[in-house]
Amino acid sequence: MPPRRSLTRDRVLQAAIEVADRGGVEAMTMRRVAQHLGVEAMSLYHHVPNKDAILDGVIDAVFAAIELPGTETGDWRDAIRARASSAREVLSRHSWALGLMDSRRNPGPATLRHHDAVLGVLRRAGFTLPMAVHAVSLIDSYVGGFVLQESNLPLSENVPGVADDILETLPRDEFPYLAEVITEHAQRPGYDHTKEFDYGLDLILEGLEARRK
C-alpha cells in the first residue's frame, strides 16, 4: 500500500472543490471534505480554521484558474474576450461558485490580482473609472448569467432531439414564432447554442467600445 500523502491546505481546498463539484456548495462541510480525504474532520483544523476559511480559499482557487487578461498592448476587447471565455469555462466546471465570488469578505491574493488586472486593461484602454466599473459589472453579470443558464438547460447533450420533442406537441398556429425558431434555427444542421455566448459578448464589447470613444 502506498504511503498516505500528507495533508496540506492546498489538498484540503482541492478536496472541498471536488466535493462541491459533486454536490454543490451545501455539501462542502468539514465532515464531508474530511471523508473525501479519508481523514478525521479534526485533522482539517490544522490547515483551515473553519468553513469560512475553506470558502475563502476555494473561491480564490477558482479565480486563480481563470485566465488573466493580457497586459501587452493591443485591442482591449481581445484581452477581455479571452478572460471572459476563460471565466465561462472555469465556472461551467464550478457553477456552485457563482453565488460566492462576490460575497467573500476576505478575498485572497488570486482574487485581488484578477480584479486588478481586469480593471487595469480597461483603464489603460482609456475608460474612465466609472465606465471601467460599469464594464466589469456588465461583463461579469453576462458571464455569470450565461453559465447559470447553461447549467440548468437540458439542451446541452441533444439539442435536435429536445427540439423534435417540443415541436411534436407544439400547437404551431398558437405559437408560430416559437415554431419558426425551432424549425428554421434550432433544427438546422450545425446549430450550436453554445455559440450564443460569443455573439452576446461581442455585442457587449462593441457597445462598451462605443461608449469609451
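Reply:

**A helix pair in its setting**

The protein has 10 helices and 0 strands. Helices (H or I, at least four residues) and strands (E, at least two) are DSSP runs, numbered from the N terminus. The model is predicted: local features need pLDDT of at least 70, side-chain atom pairs count only at pLDDT 80 or more, and totals for chains, interfaces and linings use all residues. Residues are numbered from 1 along each chain as its sequence is written, and side-chain values use heavy atoms, with hydrogens and water left out.

Now the pair. Two packed helices are described by the angle between their axes and the distance between the axes. Helix α5 spans residues 76-93, and helix α10 spans residues 196-212. Their axes come within 11 Å and cross at roughly 145 degrees. Axes here are lines fitted to C-alpha atoms over the stretch in contact, and angles run from 0 to 180 degrees between N-to-C directions.

Next, the contact (heavy atoms within 4.5 Å). From α5 come Trp76, Arg77, Ile80, Arg81, Ala84, Ser85 and Arg88. They meet Phe197, Asp198, Leu201, Asp202, Leu205, Leu208, Glu209 and Arg212 in α10. By class, this contact has 7 nonpolar, 1 polar and 7 charged residues. Ala, Val, Leu, Ile, Met, Phe, Trp, Tyr, Cys and Pro count as nonpolar; Asp, Glu, Lys and Arg as charged; the others, Gly among them, as polar.

Finally, the whole protein. Its C-alpha atoms fill a box of roughly 65 × 50 × 30 Å, taken along the principal axes. Of its 213 residues, 39% count as buried, meaning under 20% relative accessible area with a 1.4 Å probe, protein chains only. Among contacts with a separation of 6 or more, 70% join residues 24 or more positions apart.

Methods. Buried < 20%, exposed > 50% of the residue type's maximum accessible area, 1.4 Å probe, protein only.
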